[in-house]
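The sequence and structure are shown first.

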Amino acid sequence: MGIRIDKRTAAYVLRAAFTEATEANDLPEYWIHLAQTLREEEAPRTYTPALCVALLARACNEAVDPLSIKDVYSDRTYSHRTLAHGVLVPLSVELGFDLKATGREPLNNQPFFRYDHYSEIERIQRSARPYFERLQSALQMVDTEGYTRQQAQSALAAVLTVCIEANRKKQRVVSGSSIVEASLIAQTEAFVTSGADMPRKLQACVAAALDMTYPEVASRRLNDPSRDFPGDVHALRNDGSPLLAVEVRGKPVTPEELEQFVRSVTDADIPRAALVVHAVGHRSLLLNEMTTIRLEQKYGRLVKISESVSSFMRDLFVWSSHDTLEILSSFPDDMYKRMSEIEVRQQELDRWANLFPDEG
């Protein structure tokens with residue numbers, strides 16, 4: 001069995017590194033540059049938390065092998081997933097630094113989850129290999145050069161400066177108060193259906209629009225293996241159970257696929273089902289009104305279909321209890337946050353923000 005790192009000790013060290021990141025002006029450039037490299041668009045999202053957690057572990061215990069993945073590999077290794085989940089991720093939210101990956105288990109992912117040590121990792125995607133080699137080389141250097149706890153903490157602080165700046169960019173408030181609702185809807189549809197990451201942007205749009213009507217809305221990450229309920233976005237009751245499940249599609253949906261979704265909603269005992277689809281080549285499911293009536297009678301669920309971004313937003317905004325000015329002020333910022341949450345790439349976040357220049 002390897003090294004067990006006390007969570008309270010790790011939290012103390014991480015807070016100290018965060019303070020150093022915000023106050024020191026002589027942090028090592030090598031680690032700042034590496035952190036910036038690992039935030040490039042092509043770099044896997046898991047590599048930033050992997051770097052942070054390895055430096056944090058070394059800053060807690062100089063005996064730690066920074067190339068650890070699981071504590072069973074040797075008497076010098078630790079569980080990097082446990083330290084990330086128990087300390088790094090929750091404190092990133094509390095203190096305000098962005099790990100690039102947004103899930104609670106950022107290291108329960110490729111290429112780490114099936115290996116015990118970096119030295120065992122062989123299969124890396126071609127596009128990711130240069131970034132993996134830089135990460136691995138940096139952590140090997142920590143070990144071969146015998147980094148002390150303070151050196152590791154300063155290296156971590158340098159990395160955190162990049163994470164803090166990334167978080168500041170994501171937190172910027174986007175204001176849309178100078179445009180009318182119809183214009184906002186048109187701009188949103190044009191943005192969602194162009195550029196990169198359309199499926200993510202479409203889901204973020206649905207969640208942000210639902211935020212204008214329901215008090216609590218949950219949006220899951222794309223292809224999330226831990227799905228508990230059917231649908232991509234859910235409006236929740238006070239007890240956390242879904243009142244509405246929304247399936248979001250950026251490709252054509254057949255009547256059979258719609259019925260399969262409604263059936264799964266029924267099996268999950270969710271009273272309302274909605275489909276939001278925006279896709280070239282989609283054949284309308286609304287040409288025959290009996291489509292929804294038949295499903296409602298068969299499954300005993302309320303069924304709503306929206307076949308464009310604009311029709312969905314228009315329905316919600318009409319029935320929202322928020323007044324016009326509040327929607328125009330809140331939706332652009334909420335859309336930005338929802339896109340960040342689902343990991344839309346930075347260039348698209350910037351493109352959205354530039355649609356609503358700061359008037360202050």
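The model is predicted, so local features need pLDDT of at least 70 and side-chain atom pairs count only at pLDDT 80 or more, while totals for chains, interfaces and linings use all residues. Residues are numbered from 1 along each chain as its sequence is written, and side-chain values use heavy atoms, with hydrogens and water left out.

Rings of Phe, Tyr and Trp (its six-membered ring) pair if their centres lie within 6.5 Å, with planes under 30 degrees apart counted as stacked, over 60 as edge-to-face and the rest as tilted. By this rule there are 11 aromatic pairs, including the one between phenylalanine 18 and phenylalanine 97, which is tilted because the planes stand at 35°. Another joins tryptophan 31 and tyrosine 147 in an edge-to-face arrangement, and both of these residues are buried.

| Pair | Centre to centre | Angle between planes |
|---|---|---|
| phenylalanine 18 and phenylalanine 97 | 6.1 Å | 35° |
| tryptophan 31 and tyrosine 147 | 6.2 Å | 75° |

One aromatic cluster is formed by Phe191, Phe317, Phe331, Trp352 and Phe356. The charged end of lysine 201 sits over the ring of phenylalanine 191, 4.5 Å from its centre, where such a contact requires NZ of Lys or CZ of Arg within 6 Å of the ring centre and within 35 degrees of the ring normal. Arginine 134 likewise has its charged end over the ring of tyrosine 131, 5.4 Å from the ring centre.

Definitions and conventions
Buried < 20%, exposed > 50% of the residue type's maximum accessible area, 1.4 Å probe, protein only.
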